[in-house]
Amino acid sequence: MSISVARVPTHSASRYLQQLAKHWSHKMTVVFTAEEGMIDFPNGTRLAMQADSESLDLVLTVPEAEDTERMREVVASHLDRFAFREAPLTFDWREG
């Protein structure tokens, strides 16, 4: 397992969390509130999200057989799409 964490500075964290969760809920197992969410991808990857008034915190857990960098890019590109007014967002991905 590879664990990546990122803190994404934004005052719209809750909105982006909810948009991403709703967007993927028709394809994946998704559980979310306005403050936190969990998305399970078919490939075994899991994205945990925590929103507050200053940032969106992400924890991305990727199985060894999958491409961690690609999964980081998938998450970032989708969030940037929802954050078009302030995109590109800053993702400071690091090992968790």
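Helices here are DSSP runs of H or I, at least four residues long, numbered from the N terminus. Gln19 is found in one of them, helix α1. The close-ups below all come from a predicted model.

**View 1. Helix α1 packs against helix α2.** Here we've zoomed in on residues 13-24, which make up α1, and residues 68-82, which make up α2. The two axes sit 10 Å apart, and the helices pack at an angle of about 115 degrees. Angles of 65 to 115 degrees count as roughly perpendicular, so that's the label for α1 and α2. As for handedness, the α1 and α2 crossing is right-handed. On the α1 side, the contact is made by Tyr16, Gln19, Leu20, His23 and Trp24. Helix α2 answers with Val74, Val75, His78, Leu79, Arg81 and Phe82. Sort the residues of this α1–α2 contact by type and you get seven nonpolar, three polar and one charged.

**View 2. A closer look at His78 of helix α2.** His78 lies in α2 and belongs to the contact with α1. Its relative accessibility is 13%, and because anything under 20% is called buried, His78 counts as buried. Skip the neighbours within four places in sequence, and His78 is in contact with Leu20, His23 and Trp24.

**View 3. Gln19 on helix α1.** Back on α1, Gln19 is another member of the contact with α2. With a relative accessibility of 30%, Gln19 counts as partly exposed. Look for Ala83 too: it's 64 residues away from Gln19 along the chain, yet the two C-alpha atoms are separated by 9.8 Å.

**View 4. The six-stranded open sheet.** Reading across the sheet, the strand order is β2-β3-β4-β5-β1-β6, with antiparallel pairing. At the edges are β2 (29-32) and β6 (94-95), each of which pairs on one side only. Zoom in on the β2 end and you'll find β3 (residues 36-40) running antiparallel to β2, with four bridges joining the two.

View 5. Helix α1 lies across β2, β3, β4 (46-51) and β5 (55-62). Its direction is about 150 degrees to that of β4. Helix α2 also packs on the sheet, where it touches β1 (2-9), β4, β5 and β6. For α2 the angle is given against β5, and it comes to about 150 degrees.

Conventions
Residues are numbered from 1 along each chain as its sequence is written. This is a predicted model: local features need pLDDT of at least 70, side-chain atom pairs count only at pLDDT 80 or more; totals for chains, interfaces and linings use all residues. Side-chain values use heavy atoms; hydrogens and water are left out. Axes are lines fitted to C-alpha atoms, for helices over the stretch in contact, and angles run from 0 to 180 degrees between N-to-C directions. Angles under 35 degrees count as roughly parallel, over 145 as roughly antiparallel, 65 to 115 as roughly perpendicular and the rest as oblique. A crossing is left-handed if the near helix is turned anticlockwise from the far one by less than a right angle, and right-handed if clockwise. Contact means heavy atoms within 4.5 Å. Ala, Val, Leu, Ile, Met, Phe, Trp, Tyr, Cys and Pro count as nonpolar, Asp, Glu, Lys and Arg as charged, and the others, Gly among them, as polar. Buried means under 20% relative accessible area, exposed over 50%, partly exposed in between (1.4 Å probe, protein chains only). Two strands pair if DSSP finds at least two bridges between them.
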